[in-house]
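Please keep the model open in your viewer and follow the selections below in order, from the sheet to the helix and then to the charged side chains.

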Amino acid sequence: MQAATELLAHDPMAPVPFEVIGKQRETYDTMTLELAAPGGFEFRPGQFNMLYPIGIGESAISISGDPAETDKLVHTIRSVGKVTEALHAVQVGESIGVRGPFGTPWPMGKAAGTD
């Protein structure tokens with residue numbers, strides 16, 4: 001099976017479907033979605049994905065998971081408009097489109113040993 005990261009790199013403009021494998025309400029307007037990443041997904045702290053609830057549009061959402069856990073992709077999403085409301089409505093077992101990762105990662109090496 002081709003890694004999720006490889007599928008996304010093939011055409012960075014085309015969303016790749018990822019299955020929702022977990023969903024947790026954090027607050028009245030904030031939800032965390034866990035997406036299956038077959039074959040692995042690589043990112044660095046500080047990067048984001050474009051998330052696409054099918055037929056609605058897309059939104060830039062920071063990746064909130066652990067980069068060491070490459071088998072899943074985690075996003076914590078605040079509901080503030082049509083796209084993020086649609087992401088909140090997605091159920092476990094359904095799929096959403098993903099593009100990325102994008103953005104400049106944080107300089108974690110420089111932060112080591114500091115507050």
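Begin by colouring the strands: 6 of them form an open sheet in the order S4-S3-S6-S1-S2-S5, with antiparallel pairing. Strands here are DSSP runs of E with at least two residues, helices are runs of H or I with at least four residues, and both are numbered from the N terminus; two strands pair if DSSP finds at least two bridges between them. At the edges are S4 and S5, each of which pairs on one side only. From one strand to the next the twist averages 40°, where axes are lines fitted to C-alpha atoms, for helices over the stretch in contact, and angles run from 0 to 180 degrees between N-to-C directions.

This is a predicted model, in which local features need pLDDT of at least 70 and side-chain atom pairs count only at pLDDT 80 or more, while totals for chains, interfaces and linings use all residues. Residues are numbered from 1 along each chain as its sequence is written, and side-chain values use heavy atoms, with hydrogens and water left out.

Next select S1 (residues 16-27) and S6 (residues 95-102), which run antiparallel and are joined by 4 bridges; within this pairing, Phe18 has Ile96 of S6 as its bridge partner. On moving to S2 (residues 30-36), you will find that S1 pairs with S2 in the antiparallel sense over 6 bridges, that Lys23 stands opposite Leu33 in S2, and that S1 and S2 form a hairpin with 2 residues between them. Continue to S5 (72-78), which pairs with S2 in the antiparallel sense over 7 bridges, and where Val74 stands opposite Glu34.

Now show helix H2 (residues 82-89), in which Val83, Thr84, Ala86, Leu87 and His88 are buried; buried means under 20% relative accessible area, exposed over 50%, and partly exposed in between, with a 1.4 Å probe and protein chains only. Which strands do the buried residues of H2 pack against? They pack against S1, S2, S3 (48-52), S4 (59-62), S5 and S6, contact meaning heavy atoms within 4.5 Å. H2 lies across these strands, running at about 125° to S5.

Turn to the charged side chains, where the structure holds 4 salt bridges, each defined as a side-chain nitrogen of Lys or Arg within 4 Å of a carboxyl oxygen of Asp or Glu. Select Asp29 and Arg78, whose side chains meet in one of them (3.0 Å, N to O). This pair links distant parts of the chain, with Asp29 in the loop between S1 and S2 and Arg78 in strand S5, 49 residues apart. Asp29 is buried at 12% relative accessible area, whereas Arg78 is exposed at 52%.

Then pick Glu58 and Arg99, which form a salt bridge with the closest N and O atoms 2.8 Å apart; Glu58 lies in the loop between S3 and S4 and Arg99 in strand S6, 41 residues apart. Is Arg99 buried or exposed? At 9% relative accessibility Arg99 counts as buried, while Glu58 is partly exposed at 33%.

Finish with Lys72 and Glu34, whose side chains meet in a salt bridge (3.7 Å, N to O) that links S5 to S2 across 38 residues of chain. Lys72 is partly exposed at 22%, and Glu34 is partly exposed at 27%.
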